Amino acid sequence: MSDYWVRVSELSDDFAAKKNAAEEYWKEHPKLDGEGERDKYWTLQNAAMTAAIRWQEYCTANKHLS
């Protein structure tokens with residue numbers, strides 16, 4: 001596998017892990033009404049979104065390497 005696809009896979013795995021963490025937290029705290037729950041959820045959501053953006057930016061900038 002080329003370095004490009006290795007990196008794409010790593011970034012994809014990172015996004016999936018962060019997305020799953022946010023989803024699991026949501027399942028455990030669906031009302032987000034406990035102390036700090038809303039902030040924790042948005043921190044997890046922001047981490048997932050940042051990971052998705054990193055994946056997309058890498059793919060866009062390096063597609064020529066595929």
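What follows is a chat about the helices, salt bridges and aromatic rings of one predicted model.

Visitor: Before we start, what are the ground rules for this model?
Guide: This is a predicted model, in which local features need pLDDT of at least 70 and side-chain atom pairs count only at pLDDT 80 or more, while totals for chains, interfaces and linings use all residues. Residues are numbered from 1 along each chain as its sequence is written, and side-chain values use heavy atoms, with hydrogens and water left out.

Visitor: OK, how many residues does H1 have, and how far does it reach?
Guide: H1 has 26 residues and spans 38 Å from its first C-alpha to its last, close to the 38 Å expected at 1.5 Å a residue, where the expected span is 1.5 Å times one less than the number of residues. Helices here are DSSP runs (H or I, at least four residues; strands are E, at least two), numbered from the N terminus.

Visitor: Which residues of H1 are buried?
Guide: They are Tyr-4, Val-8, Leu-11, Ala-22 and Tyr-25, with buried meaning under 20% relative accessible area, exposed over 50% and partly exposed in between (1.4 Å probe, protein chains only).

Visitor: And what do they pack against?
Guide: The buried residues of H1 pack against H2, contact being heavy atoms within 4.5 Å.

Visitor: Switching to charges, how many salt bridges are there?
Guide: A search of the whole structure gives five, each being a side-chain nitrogen of Lys or Arg within 4 Å of a carboxyl oxygen of Asp or Glu.

Visitor: Which residues are linked in a network?
Guide: Asp-14, Lys-18 and Arg-54 are linked in a network of salt bridges. Lys-18 bridges to Asp-14 with the closest N and O atoms 3.1 Å apart, and both residues lie in helix H1, four residues apart, about one turn of the helix. Arg-54 also meets Asp-14 in a salt bridge, at 2.7 Å from N to O.

Visitor: Why does that Arg-54 pair tie together separate parts of the sequence?
Guide: Because Arg-54 lies in helix H2 and Asp-14 in helix H1, the pair ties together parts that are 40 residues apart in sequence. Asp-14 is partly exposed at 24% relative accessible area, and Arg-54 is partly exposed at 34%.

Visitor: How far apart are Lys-19 and Glu-23 in their salt bridge?
Guide: Their side chains meet at 2.6 Å, N to O, and both residues lie in helix H1, four residues apart.

Visitor: Now the rings: how many aromatic pairs are there?
Guide: The structure holds four aromatic pairs, counted when ring centres of Phe, Tyr and Trp (its six-membered ring) lie within 6.5 Å, with planes under 30 degrees apart called stacked, over 60 edge-to-face and the rest tilted. In one of them, Trp-26 and Tyr-41 have ring centres 5.1 Å apart and planes at 45°, so the pair is tilted. This pair links distant parts of the chain, with Trp-26 in helix H1 and Tyr-41 in helix H2 (residues 37-62), 15 residues apart.

Visitor: Is Tyr-41 buried or exposed?
Guide: Tyr-41 counts as buried because its relative accessibility is 11%. The rings of Tyr-41 and Trp-42 have centres 5.3 Å apart and planes at 65°, so this pair is edge-to-face.

Visitor: Which residues form an aromatic cluster?
Guide: Tyr-4, Trp-5 and Tyr-58 form one cluster, and Trp-5 is partly exposed at 42% relative accessibility.
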